[in-house]
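Trainee: I've got the model open and I'd like to go through how it packs. Can we take it piece by piece?

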Amino acid sequence: MSAQNTIHRMTAPQITARKGGEPIVCLTAYDAPTAAILDAHCDLILVGDSVGMVVHGLTTTVGVTLDMMIMHGQAVMRGAHKALVVVDLPFGSYEDSVETAFRSASRVMMETGCQAVKIESGSYAAETVRYLVERGIPVMSHVGLRPQSMNVLGGFRARGRTQAVEDEIIANAIAAAEAGSFAVVVEGTSVEIADKVTKAVGIPTIGIGASAGCDGQILVTPDMLGMFDRVPKFVKKYGTMKDMVETAVSEYHAEVTARTFPGEANTYKFK
Ligand code: KIV
Ligand code: NA
């Protein structure tokens, strides 16, 4: 048996079994060293298509490609060995047909070694979830604010704060669960609707801008580490990464210009 097979990773059914139990801790990662740090603390690591915005500087996730997701998925899989790793299927890689979705999802799994994919769940998505799950691909669904649909929804605004969208969100979540999703992300809704979704489905809800009553939580890691000044209301900053980088880089600048770096400790002597 290869070393890889002896490593115990969290599985999709183990995540499902946590419904109503101990809260499921999730974060995003896009690179190996960050994934290695997160691995000890997270049940699930998502290689989110948020990578387009927080790493590549895009203004939306719509420009993220399958090749980008695969490259970041490979990096995360090299760093994480315990958490369940889920990779987002990006815009354009799964919506038009179940066959396209299977082709994209199987490529992601075969080329990264990840154990599951996530899709943003419009009303068409249940058929896709069922098709993938029946063919061996665990799927996490994603309802509420769906960033890949921001051009239709009109922006990154919280959803489900009115009766008008409540029915749609709950229906999408129930359809996703009945189709066989192992969990569902609920993003950018009122607390009330997130709680209704959590009660309505038998699979874990993973909240982001949703409710503490969800079965788990997820945040975009650079957001929660404090890499950006401006973040959505639902983000809590647990770190001051931007300030730390500013301080370190400005010190480096001062020492390089003063020729105090490199010092003796950082240079080699001729023998
Ligand atoms: O892309 C992402 O990071 C996500 C999470 C916010 C759920 O989809
Ligand atoms: Na995403």
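**Packing, piece by piece**

Mentor: Let's begin with Leu-44: setting aside neighbours within four places in sequence, Leu-44 touches Met-10, Ile-15, Ile-24, Cys-26, Ala-83, Leu-84 and Val-86. Keep in mind that this is a predicted model.

Trainee: How many residues are in the largest nonpolar core, the one with Leu-44 in it?

Mentor: In soluble globular proteins, nonpolar side chains tend to be buried together. Here Leu-44 is among the residues with the most contacts inside the largest nonpolar core, along with Ile-45, Val-85, Val-86, Ala-176 and Val-184. The size of that core is 68 residues.

Trainee: Where is the confidence lowest in the protein?

Mentor: Overall the pLDDT averages 94, and 96% of the residues score at least 70. Strand 1 (residues 24–28) has the highest confidence, at 99. At the other end, with a mean of 50, is helix 1 (residues 3–6).

Trainee: Onto helix 6, then. Within what arc do its buried residues fall?

Mentor: An α-helix has 3.6 residues a turn, so residues three or four places apart point the same way. In helix 6 the buried ones are Ala-101, Ser-104, Ala-105, Val-108, Met-109 and Thr-112. They line one face of the helix, because seen down its axis they fall within an arc of 125°.

Trainee: Which exposed residues sit on the face of helix 6 turned away from that buried side?

Mentor: The buried side packs against helix 5 (66–79), strand 3 (84–88), strand 4 (116–120) and helix 7 (125–134). The face of helix 6 turned away from the buried side carries exposed Glu-99 and Met-110.

Trainee: Strand 4 is on that list. How many of its residues are buried?

Mentor: Look at both sides of strand 4: Ala-116, Lys-118 and Glu-120 point one way, Val-117 and Ile-119 point the other way, and all are buried. Strand 4 is largely enclosed by the rest of the structure, because the buried count is 5 of the 5 residues.

Trainee: And which residue stands opposite Lys-118 of strand 4?

Mentor: Strand 3 and strand 4 run parallel, joined by 3 bridges. Opposite Lys-118 in strand 4 stands Asp-88.

Trainee: What about helix 5: how far does it reach from its first C-alpha to its last?

Mentor: Its buried residues are Leu-66, Met-69, Ile-70, His-72, Gly-73, Val-76 and Met-77. What covers them includes helix 3 (32–38), strand 2 (44–47), helix 4 (51–54), strand 3 and helix 6. With 14 residues, helix 5 is close to the span expected at 1.5 Å a residue, and it reaches 20 Å.

Trainee: Is Glu-95 exposed, partly exposed or buried?

Mentor: Glu-95 lies in the loop between strand 3 and helix 6. A residue needs 20 or more C-beta neighbours within 10 Å to count as buried, and 12 or fewer to count as exposed. Glu-95 has 17 inside 10 Å, so it counts as partly exposed.

Notes. Residues are numbered from 1 along each chain as its sequence is written. Chains are lettered from A and ligands numbered from 1 in the order in which they are written. This is a predicted model: local features need pLDDT of at least 70, side-chain atom pairs count only at pLDDT 80 or more; totals for chains, interfaces and linings use all residues. A nonpolar core is a set of buried Ala, Val, Leu, Ile, Met, Phe, Trp, Tyr and Cys residues joined through C-beta atoms within 7 Å. Two residues are in contact if their C-beta atoms, placed from the backbone, lie within 7 Å. pLDDT is the predictor's confidence in each residue, from 0 to 100. Helices (H or I, at least four residues) and strands (E, at least two) are DSSP runs, numbered from the N terminus. The arc is that of the directions from the helix axis to the C-beta atoms. Two strands pair if DSSP finds at least two bridges between them. The expected span of a helix is 1.5 Å times one less than its number of residues.
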